[in-house]
Amino acid sequence: MPRFYVPQPQMKDGILRIEGREVKHIRRVLRLKPGDEIITFNGSGKEYYGTIIEDGPTFVLIKIEDLLFPEKESPLKMTLAQSLLKGEKMDYVVQKSTELGVSKIIPFFSSRSVPLLEKSPKLKRHHRWERIAMEASKQCGRTMVPIVEPIQSYSEMIRKASPESIRLILWEREGYNLKEMIERPIEKRSIFFVIGPEGGFSKEEIEEAKGSGFLPVNLGKRILRAETASLCLLSILQYELGDIGKNRADSIKESAPTRKEG
């Protein structure tokens, strides 16, 4: 069943009104019509199941039949801080990290990142990444859309990490063995991890991160591309500490969404 993102649903007497970008997708792309069933979600954990009862050039009306709160989000709250990458690599990281359950993405520039963008291109790229995260959430069945923060400096990004979170920075030159770290008893469910650009971090940047409570870690003997390293680390953390690889029945009852009245 097709899913659509409606962040601020307009609901009256059990009828949901959809306007904006999703109307084009419903009417022109998928060619849905009155009588067809669809699902909408608002990005805060709710899903609305309903049937199209009326459509027009700028709106679609849905008769809501069920309001569900499915448990599809990871128990981990993971923030990926990703240094700016060339070309479409950043788009790829935003899309795939969303599918893997990341909660927040912070793009930043460091001393070896791609050149700093002017203000207008920065805003355009930020809005593009927000759309990519939204579309990826629709596709993979998530009920939350990850936050994509505006592009910021390395020092700004470092200061965003909460002292209550596990703070990791990937560094190929040295660092703790990741396998040994995740085998330790871990009580915190919030992880903030930082991935550098193609050229890696400078030693000064690593020292700044250490001073803010970050632990350098490495993924092994091989040096991975920046976009590969991001998704590799995210996958490992989700497998070892999150919900990837678990039976659906054992993973906070994912196969049985909670039905709510209203």
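**Strand pairing and overall make-up**

Strand E11 (residues 166–170) pairs with strand E14 (residues 215–218) in the parallel sense, over three bridges. The model is predicted. Its protein chain contains seven helices and 15 strands, and 46% of its 262 residues count as buried.

*Strands around E14*

- Within the pairing of E11 and E14, Leu-168 has Leu-215 of E14 as its bridge partner.
- E14 is also joined to strand E12 (residues 176–177), by two bridges, and these strands run parallel.
- Asn-177 has Asn-218, in E14, as its bridge partner.

- Of the contacts between residues at least 6 apart in sequence, 74% join residues at least 24 apart.

*Nonpolar cores*

- In soluble globular proteins, nonpolar side chains tend to be buried together.
- The largest nonpolar core has 34 residues, of which Met-78, Trp-129, Ile-191, Phe-193 and Leu-237 touch the most other members.
- Two or more residues of this core come from each of these elements: strand E7 (77–83), H2, helix H3 (119–140), E11, helix H5 (178–182), strand E13 (190–195) and helix H7 (226–241).
- H7 supplies the largest share of this core, with six residues.
- Leaving aside residues up to four places away in sequence, Ile-191 touches Leu-76, Lys-77, Met-78, Thr-79, Ser-165, Ile-166, Leu-168, Leu-237 and Leu-241.
- Of these contacts of Ile-191, Met-78 and Leu-237 are also named among the core residues that touch the most other members.
- A second, separate core has 15 residues, including Ala-81, Ile-106, Val-194 and Ala-209.

*Surroundings of Ile-105*

- Ile-105 lies in strand E8 (residues 104–109) and is buried, at a relative accessible area of 0%.
- Its contacts, not counting residues up to four places away in sequence, are Leu-80, Val-94, Ser-97, Thr-98, Ile-147, Val-148 and Glu-149.
- Ile-105 and Trp-129 are 24 residues apart along the chain, and their C-alpha atoms are separated by 9.5 Å.

*Helix H1*

- Helix H1 spans residues 21–29, and its residues Glu-22, Val-23 and Ile-26 are buried.
- These three lie on the same side of H1, because they cover an arc of only 110° around the axis.
- The face of H1 turned away from the buried side carries the exposed residues Arg-21, Lys-24, Arg-28 and Val-29.

*Salt bridges*

- Side chains of opposite charge can pair when their charged atoms come close.
- The structure holds 15 salt bridges, among them the pairs described here.
- Glu-19 and Arg-17 meet through their side chains in a salt bridge of 2.7 Å, N to O.
- Glu-19 is partly exposed, at a relative accessible area of 41%, and Arg-17 also counts as partly exposed, at 31%.
- A salt bridge of 3.4 Å, N to O, joins the side chains of Glu-99 and Lys-96.
- Both Glu-99 and Lys-96 lie in helix H2 (residues 89–99), where they are three residues apart, about one turn of the helix.
- Glu-99 is partly exposed, with a relative accessible area of 33%, and Lys-96 counts as partly exposed at 24%.
- Glu-149 forms a salt bridge with Lys-160, in which the closest N and O atoms are 2.7 Å apart.
- This pair links distant parts of the chain, 11 residues apart: Glu-149 is in the loop between strand E9 (147–148) and strand E10 (152–153), whereas Lys-160 is in helix H4 (residues 154–160).
- Glu-149 counts as buried, at 13% relative accessibility, whereas Lys-160 counts as partly exposed, at 43%.
- Glu-149 is also one of the residues that Ile-105 touches.
- A network of salt bridges links Arg-3, Glu-47 and Lys-72.

Technical notes
Residues are numbered from 1 along each chain as its sequence is written. This is a predicted model: local features need pLDDT of at least 70, side-chain atom pairs count only at pLDDT 80 or more; totals for chains, interfaces and linings use all residues. Side-chain values use heavy atoms; hydrogens and water are left out. Buried means under 20% relative accessible area, exposed over 50%, partly exposed in between (1.4 Å probe, protein chains only). Helices (H or I, at least four residues) and strands (E, at least two) are DSSP runs, numbered from the N terminus. The arc is that of the directions from the helix axis to the C-beta atoms. A salt bridge is a side-chain nitrogen of Lys or Arg within 4 Å of a carboxyl oxygen of Asp or Glu. Contact means heavy atoms within 4.5 Å. Two strands pair if DSSP finds at least two bridges between them. A nonpolar core is a set of buried Ala, Val, Leu, Ile, Met, Phe, Trp, Tyr and Cys residues joined through side-chain atoms within 4.5 Å.
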